[in-house]
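Subject: Structure for your review

Dear colleague,

Please find the structure below.

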Amino acid sequence: MPVENNTRAFDPEIVTDFRERMSYGSYLELETLLSAQKPVSVPEHHDELLFIIQHQTTELWLKLVLHELRTATEFLRTDQLAPALKAIARVKHIQRTLTEQWSVLATLTPTEYAEFRGFLANASGFQSFQYRAVEFALGNKNRRMLRVFESDPVAHALLTEVLEAPSIYDEFLRYLHRAGFDIPVDVLNRDVTDAWVLHPELVQTFRTIYENATEHWAAYEACEELVDLEDNFQLWRFRHLKTVQRIIGMKPGTGGSSGAAFLQKALELTFFPELFAVRTEIGQ
């Protein structure tokens, strides 16, 4: 039977009085959320709303990524591998969403962006403290980055905390050590505020895991989850680079970076180098 007047029946049980009840909007703080888009272009440019929402939604996803990475790291610290991998799996799904979002921003043409870019002054994605915190949580630590956030005590405190805490890779290697795998003492006792660099002696440990996957399945699965995590991050970086090139070419960034050239260099950074180096060794 067709719906009468092309409308659905209104169930009598549906709650309509929210004067003393929590509503969808109040739970999500939609009044605050939807009023947080404040274009600065004069006259207001149509496409600036896209630019703001793209970056605000990215920051919301980064907040969740950081939340899940820190949770996964804590699970590894307490030898709870299964829930750690569950948290990592969620991060991987978020990463795919973040990567696909670049296709929305890529609809912004160079001419359109040029009409409001000057109003951004020195505001730049380079200043995203949550992005830096995610990098720190994964092991790409750089104490010099703290200088960018000295005027923001909250951001500076968060970054300092993540900088001084073991990364997810640090805790994974400690987990492997407790599980009986050969992890060098200098790796276990390293200064966790330093950026991770390749430790060739670890490659043999991972080779043992990969070439005996049935025997070491839990560790083997965890290694591959971390590889997925890095692959996804690199895809995000690449899409970021190509979107920037598409919109502003090789212009410098608004925050003073070299723009696309700076992003190109980021593709050379790695989180878990031994997990990629071991692939050359397997089968030889």
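Contact here means heavy atoms within 4.5 Å. Helices (H or I, at least four residues) are DSSP runs, numbered from the N terminus. This is a predicted model, in which local features need pLDDT of at least 70 and side-chain atom pairs count only at pLDDT 80 or more, while totals for chains, interfaces and linings use all residues. Residues are numbered from 1 along each chain as its sequence is written, and side-chain values use heavy atoms, with hydrogens and water left out.

I begin with helices H10 and H11. In H10, Phe-206, Ile-209 and Tyr-210 meet Ala-219, Tyr-220, Cys-223, Glu-224 and Val-227 of H11. The residues of this contact comprise 7 nonpolar, no polar and 1 charged (Ala, Val, Leu, Ile, Met, Phe, Trp, Tyr, Cys and Pro count as nonpolar, Asp, Glu, Lys and Arg as charged, and the others, Gly among them, as polar). H10 covers residues 200–211 and H11 residues 217–248; they pack at an angle of about 115°, with their axes 9 Å apart. Axes are lines fitted to C-alpha atoms, for helices over the stretch in contact, and angles run from 0 to 180 degrees between N-to-C directions. H10 and H11 are therefore roughly perpendicular to each other (65 to 115 degrees).

The second pair is H3 (residues 48–77) and H8 (residues 168–178), which pack at an angle of about 20° with axes 8 Å apart. That makes H3 roughly parallel to H8 (under 35 degrees). On the H3 side the contact is made by Leu-69, Ala-72, Thr-73, Leu-76 and Arg-77, and on the H8 side by Ile-168, Glu-171, Phe-172, Tyr-175 and Arg-178. These residues divide into 6 nonpolar, 1 polar and 3 charged.

Helix H6 (residues 129–138) is mostly covered, with 9 of its 10 residues buried (under 20% relative accessible area, 1.4 Å probe, protein chains only). Its buried residues pack against H3, H7 (153–164), H8, H11 and H12 (260–266). Gly-139 follows H6 and has a positive phi, near 120°.

Which residues touch the most other members of the largest nonpolar core? Of its 69 residues, they are Phe-172, Leu-176 and Phe-206. Such a core is a set of buried Ala, Val, Leu, Ile, Met, Phe, Trp, Tyr and Cys residues joined through side-chain atoms within 4.5 Å. H11 gives the most to this core, with 12 residues. Leaving aside neighbours within four places in sequence, Leu-176 is in contact with Phe-181, Ile-183, Phe-206, Ile-209 and Ala-219.

Yours sincerely

Conventions:
Helices (H or I, at least four residues) and strands (E, at least two) are DSSP runs, numbered from the N terminus. Angles under 35 degrees count as roughly parallel, over 145 as roughly antiparallel, 65 to 115 as roughly perpendicular and the rest as oblique. Buried means under 20% relative accessible area, exposed over 50%, partly exposed in between (1.4 Å probe, protein chains only).
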